[in-house]
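This report describes a protein complex for a reader who is new to structural models. Please keep the sequence and the structure in view while reading.

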Amino acid sequence: MMSLKKYMPAWVMRVGLVTVLLLFAAGIVFWGGFNWALEETNKEEFCISCHEMKENVFKEYQNTVHYTNRTGVRATCPDCHVPKEWGPKLVRKIQASNEIFHKMLGTIDTPEKFNAKRAQLAQNEWNRMKANDSQECRNCHRYDYMDYTEQGNRAAKQHPQAFIDGKTCIDCHKGIAHQLPAIDQHIGAQNEGAALISHGEKPEVKSAEEKK
Amino acid sequence: MRFIPALALAAAVLLSGAGVVCAQENLESLRGKTPINQEIRTDNMFRPEKDQDLIPRNFQKQPPLIPHNIKGYNITQNFNKCMDCHSKERAEETGATLVAKSHYLDREDKKHANISPRRYFCMQCHVPQFDAKPLVENTYKPAAK
């Protein structure tokens, strides 16, 4: 023991070697546990353990290409809705506490209530994806590696132009995994409360249109 | 004498029963005669044709065919995926064919600012193309452009 004491810093001597080792072990356990909890709440089974998700958005999603497709590569809920990077992920997880609050309030606990809120819920997600340049899409779909000769005529024409215009995925690809809320498409009597959606276009043209 | 109609009825029931049995043996659904607990052969599945240029019309006023894949394009009360590109507001930007003027007329031929509700379901008239070959020989010749 005497030989060990020589190497110990003063603060370790003060609190004791055993305490320091125990704290170190506790740190590992807590940090591991924290990450384990983060990962457990980042699974599809966790998301659809709430009937709000299972009965509405998950059902709609099952008809789309991100659920079932030729090659069997799948995206699960967190692949699109939770950032992969640690910082943004933690921010999103903290924001999710608001969702637990509304789960307890039962804000969207029936399909009718869910659909009444759908425009707002969708807009939140569109804003989030617009703000981070559709990072969750680009985790798999990267512009730089797109082979336009393999894309369909329409996609091969639209994609390069959209990237030149500085658009991001969510500007055009809305409602690809879940049903859209009522959207005002200027093609019929406007549904009451129908949302106006942006295609990531020039805002000054839009405001001129609205003045008319 | 009373039991003769009863006898006739019984005979009719028997005969019709036999008829049903016969019909069941000859019945064939789209699955063919594959029993319900077996997979059907899937080599007769058709694939949508690849995106292509405009397909010429075969007769006057034919609703133009859809020259692209429309998988996953839904038309719901909330959103009409076709009109996301083909509407007046969007056609220029997307390069899609503009919806024809006739689609803005209601059944009284009154013009509206937006497409008529009776035109809302695009695929009632406009259909995509699959690689299905004609089942019988067809001698029809295109009558107009």
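## A loop in chain B

B:K61 is located in the loop that runs between α1 (3-26) and α2 (83-86) of chain B. The model is a predicted one. In this model, B:K61 has a positive phi of about 60°, although B:K61 is not a glycine. Most residues other than glycine have a negative phi. Is B:K61 buried or exposed? B:K61 counts as exposed, because it has 8 C-beta neighbours inside 10 Å, and a residue with 12 or fewer such neighbours is classed as exposed.

B:M45 is also found in the loop between α1 and α2 of chain B. With 10 C-beta neighbours inside 10 Å, B:M45 counts as exposed. B:M45 and B:I55 are 10 residues apart along the chain, and their C-alpha atoms are separated by 23 Å.

## Chain B as a whole

Chain B contains three helices and zero strands, and from the N terminus on its elements run α-α-α. Of its 145 residues, 7% count as buried. Among the contacts in chain B that link residues at least 6 apart in sequence, 44% join residues at least 24 apart.

## Chain A as a whole

Chain A has 12 helices and zero strands. Its radius of gyration is 24 Å, whereas the globule rule gives 17 Å for 212 residues, so chain A is more spread out than a compact globule. The C-alpha trace of chain A spans about 85 × 45 × 40 Å along its principal axes.

How many of the 212 residues of chain A, as a percentage, count as buried? The share is 11%. Among contacts in chain A between residues at least 6 apart in sequence, 57% join residues at least 24 apart.

Helix α7 (residues 86-105) of chain A has 20 residues. From its first C-alpha to its last, this helix reaches 29 Å, close to the 28 Å expected at 1.5 Å a residue. The helix α7(A) is hardly covered, as the count of buried residues among its 20 residues is zero. A:G106 follows α7(A) and has a positive phi, near 75°.

Helix α10 (residues 153-164) of chain A can be checked in the same manner. Its 12 residues should span 16 Å at 1.5 Å a residue, and its end C-alpha atoms are 18 Å apart, which agrees. A:G166 follows α10(A), and the phi of A:G166 is positive, near 75°.

## A buried serine in a loop

A:S134 is placed in the loop between α8 (111-131) and α9 (135-138) of chain A. Its phi is near 50°, a positive value in a residue other than glycine. Is A:S134 buried or exposed? A:S134 counts as buried, because it has 20 C-beta neighbours inside 10 Å, and 20 or more is the condition for a buried residue.

## Where the chains meet

In the model, 16 residues of chain A are in contact with 16 residues of chain B. On the side of chain A that touches chain B, the residues divide into six nonpolar, eight polar and two charged.

Which residues make up the largest nonpolar core? This core consists of five residues in all: A:I187, B:C82, B:M83, B:I115 and B:C122. Leaving aside its neighbours within four places in sequence, B:M83 is in contact with A:Q185 and A:I187.

## Confidence of the prediction

The predictor gives the complex an ipTM of 0.72 and a pTM of 0.76. Chain A averages a pLDDT of 87, and 90% of its residues score at least 70. Within chain A, confidence is highest in helix α6 (residues 77-81), at a mean of 95, and lowest in helix α12 (residues 203-211), at 43. Over residues 203-212 of chain A the pLDDT is below 50, and this stretch has one contact in the model beyond near neighbours in sequence.

For chain B, the mean pLDDT is 81, and 79% of the residues reach 70 or more. Where in chain B is confidence lowest, and where is it highest? Confidence is lowest in α1(B), at a mean of 58, and highest in α2(B), at 90.

Notes:
Residues are numbered from 1 along each chain as its sequence is written. Chains are lettered from A and ligands numbered from 1 in the order in which they are written. This is a predicted model: local features need pLDDT of at least 70, side-chain atom pairs count only at pLDDT 80 or more; totals for chains, interfaces and linings use all residues. Helices (H or I, at least four residues) and strands (E, at least two) are DSSP runs, numbered from the N terminus. The expected span of a helix is 1.5 Å times one less than its number of residues. Two residues are in contact if their C-beta atoms, placed from the backbone, lie within 7 Å. Ala, Val, Leu, Ile, Met, Phe, Trp, Tyr, Cys and Pro count as nonpolar, Asp, Glu, Lys and Arg as charged, and the others, Gly among them, as polar. A nonpolar core is a set of buried Ala, Val, Leu, Ile, Met, Phe, Trp, Tyr and Cys residues joined through C-beta atoms within 7 Å. pLDDT is the predictor's confidence in each residue, from 0 to 100. The radius of gyration is taken over C-alpha atoms; the globule rule is 2.2 Å times the number of residues to the power 0.38.
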